[in-house]
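User: I want to learn how to read a helix, a core and a sheet from a model. Can we work through one case?

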Amino acid sequence: MDYYEQTTIIAPEDFPVSLEEAKHWLRMDMDITRHDPLITSLIVTATDFAIKATNRIYITTDFYGFYDCFKVSTVDSLSFISIKRAPLVSISAVEIAIDGTYTAFTDYFEKKTSGFTRLIFPNGWTGADSYTTIGYPLRVTFSAGYGTAEDVPEGIKTGIKQHVAFLYENIGDTLPESGKGIPVEVKAAYKKYRIMETF
């Protein structure tokens, strides 16, 4: 199992689609501001959905990744973990738990795949404490994302704007769970960008 802690807070004004862009898409008068808080909240909702739909991070963000075990590649029989935040920008630290403290670990290398970037551990996690001491004996500090809002692909931005328009036009309606009821155009916009785990 793995989980991730985001250590960078992204403010709504730094999201891939700005309030002005969303209002332009909705053909709204820029001087009328009474709906701005609502539209901003819809941008946040639509962006969160887009991130889950594509498995990508849009604005470059820092994370901790915690792992309790590794997998074994069916191709080269090497131990690995997948960093399930993409596109990966950089790794600043890989650490294992020794005597209850995370300590720098260097016996690994990166491998790019068609899915998520992997860290390969040719000799396993030699020296890590038992799982009863620290539940997640491996911690990776890294950054992921495209950069700034200007660097996010236009196809993703279009999907977010289409979703904002859909949510705005259906204010007050109860929508089905798990993305059901999301317009086909929005799903199609994200399909080409979706990253899946490879084996």
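User: Which exposed residues does the face of α4 turned away from its buried side carry?

Analyst: This is a predicted model. Exposed means over 50% relative accessible area, buried under 20%. On the face of α4 turned away from its buried side, V184 and K191 are exposed.

User: And which residues of α4 are buried?

Analyst: V186, A189 and Y190. Look down the axis of α4: these buried residues fall within an arc of 90°, so they line one face of the helix. Their cover includes α2 and α3.

User: Which residues touch the most other members of the largest nonpolar core?

Analyst: Start from the members, then ask which elements supply them. The largest nonpolar core has 25 residues, and I156, I160, V164 and Y190 touch the most other members. Two or more residues come from each of α1 (19-25), α2 (36-54), α3 (154-169) and α4 (184-191). Leaving aside residues up to four places away in sequence, I156 touches Y58, Y146, Y190 and Y193. A second core of 18 residues is separate; L88, V94, L119 and V140 are among its members.

User: What is the strand order in the open sheet?

Analyst: The order is β1-β2-β9-β5-β6, five strands with antiparallel pairing. β1 (2-6) and β6 (101-104) are the edge strands, each pairing on one side only. From one strand to the next, the twist averages 30°.

User: How many bridges join β2 to β9?

Analyst: Seven, between residues 61-67 of β2 and residues 138-144 of β9, running antiparallel.

Note on methods: Residues numbered from 1 in each chain as written. Predicted model: local features only at pLDDT ≥ 70, side-chain atom pairs only at ≥ 80, totals over all residues. Heavy atoms only, no water. Pairing = 2+ DSSP bridges. Helix = DSSP H or I, 4+ residues; strand = E, 2+ residues; numbered from the N terminus. Axes fitted to C-alpha atoms, helices over the stretch in contact; angles between N-to-C directions. Core = buried A, V, L, I, M, F, W, Y, C linked by side-chain atoms within 4.5 Å. Buried < 20%, exposed > 50% of the residue type's maximum accessible area, 1.4 Å probe, protein only. Contact = heavy atoms within 4.5 Å. Arc of directions from axis to C-beta.
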